[in-house]
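This report examines selected features of one protein model. Please consult the sequence and the structure shown here while reading.

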Amino acid sequence: MLVGLAFLGGLLSTWSPCGYSSLATLRPWGRWSIRGVAGWLPTLSAHGAGYVAGGLVLGSASALGALVLAPPADASWPLLAIALVSLAYGLDQLGFLSLPYPQRKSQVPHDVRFRWPMWRIGLLYGFALGLNFVTYVRTPILYVVVVAALLSGSWATAFALVLALNAGRFLPLLVNALPVTDRAVQAWLARHEEHAVLAGGAAQLAAAAAIVAALANL
């Protein structure tokens with residue numbers, strides 16, 4: 001369930017007008033064509049490699065924390081802590097609370113397209129997004145995922161959660177390979193931005209409720 005929440009959090013982290021405006025920096029040049037998309041594939045690959053590198057850094061830090069904290073296998077308090085964080089940030093997204101969002105508020109300037117090769121932009125930007133905390137944080141599901149990774153007591157689980165998160169963050173870039181305009185994508189995202197926020201909040205509340213229900217049955 002938490003891996004699924006992580007993947008959804010990754011999608012919602014980028015699948016917004018703000019998030020996509022940054023990914024639009026990596027759009028193929030000119031009008032859409034098969035040749036243009038083929039020439040854009042090195043940028044896509046470099047961006048994916050950047051995500052992998054950033055994910056390895058965050059995953060390694062989370063895995064180390066999981067091994068250091070290493071709660072007892074039969075302890076229930078780690079699950080309760082994850083549920084409380086998920087509940088709190090779910091209420092935050094729905095407007096009932098106001099919680100901090102640890103982050104570095106930064107985006108890639110769009111004029112970088114004229115200063116660097118596209119593959120280099122994709123690589124470095126993918127690395128920044130893969131770290132998750134050094135760009136704008138669009139959904140607090142990130143914090144639930146990191147807490148879950150740290151309290152999992154398993155380096156493999158920590159890496160799986162970060163991998164699912166980054167996979168969800170990377171996936172929206174693929175829309176740039178489709179014959180749709182940047183303006184059309186932005187307009188669609190703007191119309192559904194409120195729905196995305198509600199979906200994120202509802203998913204976190206559902207995760208908290210599922211964990212509490214599981215603990216009640218132990």
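## A mostly covered helix

Helix H6, formed by residues 141-151, is mostly covered, with nine of its 11 residues buried. The model is a predicted one. The buried residues of H6 are Ile141, Leu142, Tyr143, Val144, Val145, Val146, Ala148, Ala149 and Leu151.

Against which helices do the buried residues of H6 pack? Their partners are helix H1 (2-14), helix H3 (34-69), helix H4 (77-93), helix H7 (155-170) and helix H8 (182-216). Gly153 follows H6 and has a positive phi, near 75 degrees.

## Aromatic pairs

A pair of aromatic rings is described by the distance of the centres and the angle of the planes. The structure holds six aromatic pairs. In one of them, the ring centres of Tyr89 and Tyr101 lie 5.9 Å apart and the planes stand at 75 degrees; the pair is therefore edge-to-face, as planes over 60 degrees apart are counted in that class. Because Tyr89 belongs to helix H4 and Tyr101 to the loop between H4 and H5, this pair ties together parts that are 12 residues apart in sequence. Tyr89 has a relative accessible area of 10% and is buried, since the limit for this class is under 20%. Tyr101, at 23% relative accessibility, counts as partly exposed.

Tyr89 also pairs with Tyr143: their ring centres are 5.2 Å apart and their planes lie at 40 degrees, so this pair is tilted. Tyr89 lies in helix H4 and Tyr143 in helix H6, and the pair therefore ties together parts that are 54 residues apart in sequence. Both Tyr89 and Tyr143 are buried. Through ring pairs, Tyr89, Tyr101, Phe133 and Tyr143 are linked into a cluster.

Which residues make the nonpolar surface patch of about 370 Å²? The patch is made by Trp116, Trp119, Leu123 and Leu124. Leu123 is located in helix H5, which comprises residues 118-131. With a relative accessibility of 31%, Leu123 counts as partly exposed.

Arg120 lies over the face of Trp116, at 5.9 Å from the ring centre.

Definitions and conventions
Residues numbered from 1 in each chain as written. Predicted model: local features only at pLDDT ≥ 70, side-chain atom pairs only at ≥ 80, totals over all residues. Heavy atoms only, no water. Patch = residues over 30% accessible without salt bridge, like charges linked within 9 Å, V, L, I, M, F, W, Y side chains within 5 Å. Areas by Shrake-Rupley, 256 points an atom, 1.4 Å probe, with all protein chains shown as cover. Salt bridge = Lys/Arg side-chain N within 4 Å of Asp/Glu carboxyl O. Helix = DSSP H or I, 4+ residues; strand = E, 2+ residues; numbered from the N terminus. Buried < 20%, exposed > 50% of the residue type's maximum accessible area, 1.4 Å probe, protein only. Contact = heavy atoms within 4.5 Å. Phe/Tyr/Trp six-rings, centres within 6.5 Å; stacked < 30°, edge-to-face > 60°. Lys NZ or Arg CZ within 6 Å of the ring centre and 35° of its normal.
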